[in-house]
Amino acid sequence: MGILVRYASLLPLTASTPPVNLEEGSTPLAALPRVGERLGIELWGKLEGCNPSGSFKDRGMVLAVAKALEDGAKALICASTGNTSASAASYAAAAGIPCFVLLPAGKVALGKLAQALMYGATVIAVRGNFDKALELARQAAAERGCAMVNSVNPYRLWGQRTGAWEICEALGDAPDWHAIPVGNAGNISAYWAGYTEYKRLGRAAKTPRMMGFQAEGAAPLVTGKPCPAPETVATAIRIGSPVSASLARAAVSESGGEFNSVTDEEILSAQRLLASLGGIFAEPASCAPLAGLVKLKAQNRLPEGIKVVMVLTGNGLKDPDTAMGQVGRPLEIGDSLDDLLGVMDNAARGAAR
Ligand SMILES: *Cc1c(COP(=O)(O)O)cnc(C)c1O
């Protein structure tokens, strides 16, 4: 069942809200014992890449689109670093309405671009960064009466609370730390709202420390000032002026958490660690939290034995170029068994070393 059914009583639905549903949410919370052991903690990954369009964006999009349809919207518009557009385009296709997506030209991962085009959205590449594309989308939405489904849309953050609720239900309580990548800062704010709501309702005994991780080249919440030219390999968090900055700051300070930044090199190394030791392939932005935990561990700032949930926000298949840039090529052989056995024995010797 999708989240509008699973969490109907906690979402702002009315009798006339259409039952939009792509079976989003209810994603696995995977134990990551080999990675956790290396860090000396109990580590879990919330596999948001298992959502229908491959990222957590579907949780907020399903509600935003349902409410837009309820209000009679005839078209959707959004600006996106990639995943919002993929999600919006997918729900628009399912609902049978047009969708306009504005992307920063040349800065969107290949898989996400393929998705938006495949779902049939009108995809517009803006020669400018995400922040500029967002401003344009806002103006066009007002001019043409399209429903704006960026995270400025309050239903997006509301729908995203469901991730926190699922984690509390899976673990029987909130974790000690909630580690999450931060771009526009909507998701960290939504998770905090979800956790505090569950505590208030008596469905969780505590709330976690909210640990937000940004890329060093796009870290306005770490430095305390907007970043005019954000740059990072983690394109989903390449944002210089987060729309939900003040909500996110409140989440971190109320929860006793922190914002930290990690370099692109640390992010890519965490991506390989998660894949090779955890068996999970997540996109670069999703690996900023693991990079941050590795860094905090090295600085003796990661308490031994705590329970940590990382949100693995998007599927690794969305950005094949970045992945291929850091791994080797396949071993090519002739079609003889000798060739094959030779390569296998070599690989086994390599692994044993
Ligand atoms: C959107 C996105 C983020 C950033 O989330 P915000 O709510 O903008 O902070 C992180 N990772 C992925 C994969 C995303 O798509």
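**Note on the pocket, cavity, salt bridges and surface patch**

1. In this predicted model, the largest pocket is lined by Pro154, Leu157, Trp158, Arg161, Ser189, Ala190, Trp192, Ala193, Leu247, Ala250, Ala251 and Glu254. Two or more of these lining residues come from each of the helices α7 (154-160), α9 (186-200) and α11 (245-255). The volume of the largest pocket is about 160 Å³, and its lining divides by class into 9 nonpolar, 1 polar and 2 charged residues.

2. The structure also holds 1 cavity of 30 Å³ or more, and the space in the largest cavity comes to about 320 Å³. Its lining is made up of 27 residues, and those that lie nearest the centre of the cavity are Phe56, Lys57, Gly183, Asn184 and Ala236. By class, the lining of the largest cavity has 12 nonpolar, 13 polar and 2 charged residues.

3. As for the elements around the largest cavity, at least two lining residues each are supplied by α4 (83-95), α7, β7 (177-181) and α9. The largest share, 3 residues, is that of α7. A reader who compares the two linings will find α7 and α9 named for the largest pocket and also for the largest cavity.

4. The count of salt bridges comes to 16, and one of them joins Glu166 to Arg59, with the closest N and O atoms 2.9 Å apart. Because Glu166 lies in helix α8 (residues 162-171) and Arg59 in helix α3 (residues 57-70), this pair ties together parts that are 107 residues apart in sequence. Glu166 counts as buried because its relative accessibility, 4%, is under 20%, and Arg59 is likewise buried, with a relative accessible area of 1%.

5. Which residues are linked with Glu166 and Arg59 in a network of salt bridges? The network also takes in Arg6, Lys46, Glu48 and Glu169.

6. Glu231 is bridged to Arg238, with the closest N and O atoms 3.3 Å apart; here Glu231 is partly exposed, at a relative accessible area of 41%, whereas Arg238 is buried, at 8%. In the other, Lys297 is bridged to Glu304, the closest N and O atoms being 3.9 Å apart, a value that falls within the 4 Å cut-off for a salt bridge. Lys297 is partly exposed, with a relative accessible area of 29%, while Glu304 counts as exposed, with a relative accessibility of 64%.

7. On the surface, a nonpolar patch is formed by Ile333, Leu337, Leu340, Leu341 and Met344, which together have about 440 Å² of accessible area. Among them, Leu337 belongs to helix α15 (residues 337-352), and it counts as exposed because its relative accessibility of 56% is over 50%.

8. A last point concerns Leu113, which is found in helix α5 (residues 110-118). Is Leu113 buried, partly exposed or exposed? With a relative accessibility of 31%, Leu113 counts as partly exposed, since this value lies between the cut-offs of 20% for buried and 50% for exposed. Along the chain, Leu113 and Gly128 are 15 residues apart, and their C-alpha atoms are separated by 17 Å.

How values were computed: Residues are numbered from 1 along each chain as its sequence is written. This is a predicted model: local features need pLDDT of at least 70, side-chain atom pairs count only at pLDDT 80 or more; totals for chains, interfaces and linings use all residues. Side-chain values use heavy atoms; hydrogens and water are left out. On a 1 Å grid over the protein atoms alone, a cavity is a set of points where a 1.4 Å probe fits but cannot get out, and a pocket is an open set with protein on both sides within 12 Å along at least five of seven lines; lining residues have an atom within 4 Å of a point. Grid points are joined across faces, edges and corners, and a volume is the space filled by probe spheres set on the points. Helices (H or I, at least four residues) and strands (E, at least two) are DSSP runs, numbered from the N terminus. Ala, Val, Leu, Ile, Met, Phe, Trp, Tyr, Cys and Pro count as nonpolar, Asp, Glu, Lys and Arg as charged, and the others, Gly among them, as polar. Patches are made of residues with over 30% relative accessible area and no salt bridge: like charges are joined within 9 Å, nonpolar side chains (Val, Leu, Ile, Met, Phe, Trp, Tyr) within 5 Å. Accessible areas come from the Shrake-Rupley method with a 1.4 Å probe; for residues, only the protein chains shown count as cover. A salt bridge is a side-chain nitrogen of Lys or Arg within 4 Å of a carboxyl oxygen of Asp or Glu. Buried means under 20% relative accessible area, exposed over 50%, partly exposed in between (1.4 Å probe, protein chains only).
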